[in-house]
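Dear colleague,

I am handing over the structure below, and my notes on it follow. Please read them alongside the model.

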Amino acid sequence: MQFRDLKRQYDTLKPQIDEAISRVFDEGCFISGAQVGELESMLSKYAGMKHCISCASGTDAIRLALMAYGIGSGDAVFVPDFTFFATAEMPAALGATPVFVDVSAETFNIDPNMLEMAVRYTERAGKLRPRAVIAADLFGQCADYESISEIAERHSLLVIEDAAQSFGGRIGKKRACSFGDIAATSFFPSKPLGCYGDGGAVFTNDDEAAALIRSYAVHGKGADKYDNERIGLNSRLDTIQAAVLQIKLDAFEKHELEDINDLASRYTEKLKDYVITPVVSEGYYSSWAQYTIRLKNKEQRCLLQKSLKDMGIPTMIYYPRGLHRQGAFAGMPNHGRFPITDRLCDTVLSLPIHPYMTESEVEKVAESVISCITA
Ligand SMILES: Cc1ncc(COP(=O)(O)O)c(C=O)c1O
């Protein structure tokens, strides 16, 4: 069994994907081919946003969003402690200071009460200028943008949605990639919408930010490619990836998102009396980048992970340590403790899930978990 079986997805979509890729070869336009613009239009329509600017990765998408607003040295950027490294790496790479904020044990997302405390602490300390919050939509569920935006408004913070894991997720009818001032997503192969390499995109309704991002993504270009107005990056989504994503977006919309939600519900139904199953908040819809259960303690998780491995069932620990424990951030000013993140890091376990998994495979994994837990 695969943790996220991309080969099975390819086998299903092979005729369309092969045709789309061979069209790129026939046309010979490997960078900035027509498919890139077409995909951007499809994605902006899907997310309900005026602009979608594709780029080379989800990491670059965060970086470009920060660059568009001139975030850098002396700025505090609030980030959840429990997330992938890139959420905090990009503000730090631009010279800003990531300020870690503990998360909610239920949703795994940034805790708005803790955010308020961190912002106030930073304001009182007076060393950094609070500038932005990057809320990551962990495991497919959007963060609590209503509360986050309210705090951001009171403290004049920019809200950046890190939607790397939540493409297709929603709050009510509003889709991921449309929250806050600007959003960044990833098309890493195992993401809800993934390509066959690295890729990402930025979404915004802000015309000025969109124009700046288009420039920063191509060496700070001005009127043309050889007119360089600012220092930028080389960060483009190539035409082959765009062509693959066009096909995959269609399958994602037609059935994949619904299928993965059915499988997640089945897991929860089977497992809810044995382990702590993931909570989807009222009115929210997840895109299930991960199906993450919680165990009693580290020992129980370790035993379960080993037993499942012996049965041929792969699992992952997202994440084994909070950002405040990463060596790269040693010495960063830290205002507090992170008890929820620390506990999650010891107790979470992500089970295999993807839209092409069968119901009987989900049953098998769930029954194996139950038999280990009750042994
Ligand atoms: C929350 C989060 N942010 C950012 C990224 C970075 O995306 P990429 O790998 O496309 O650079 C990831 C990827 O794992 C992620 O999970």
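Helix α1 bends by about 80° at L13, and a proline, P15, follows within four residues; the bend is the angle between axes fitted to the seven residues ending at a residue and the seven starting there. The helix, residues 6–27, has 22 residues, yet its end C-alpha atoms are only 27 Å apart, short of the 32 Å that a straight helix would reach at 1.5 Å a residue, the expected span being 1.5 Å times one less than the number of residues. After α1 comes G28, whose phi is positive, near 70°. Helices (H or I, at least four residues) and strands (E, at least two) are DSSP runs, numbered from the N terminus.

This is a predicted model, in which local features need pLDDT of at least 70 and side-chain atom pairs count only at pLDDT 80 or more, while totals for chains, interfaces and linings use all residues. Residues are numbered from 1 along each chain as its sequence is written.

Around the ligand there are 15 residues, of which S57, G58, T59, A164 and S186 come nearest (a residue is near if its C-beta atom, placed from the backbone, lies within 6 Å). At least two residues of this shell are supplied by each of α3 (58–68) and α4 (86–93).

An open sheet of 3 strands has the order β7-β6-β10, with antiparallel pairing (two strands pair if DSSP finds at least two bridges between them). β7 (174–175) and β10 (284–285) stand at the edges, each with a single partner strand, so one side of each is left without a neighbour in the sheet. Strand β6 (residues 170–171) is joined to β7 by 2 bridges, and R170 has R175 in β7 as its bridge partner.

Best regards
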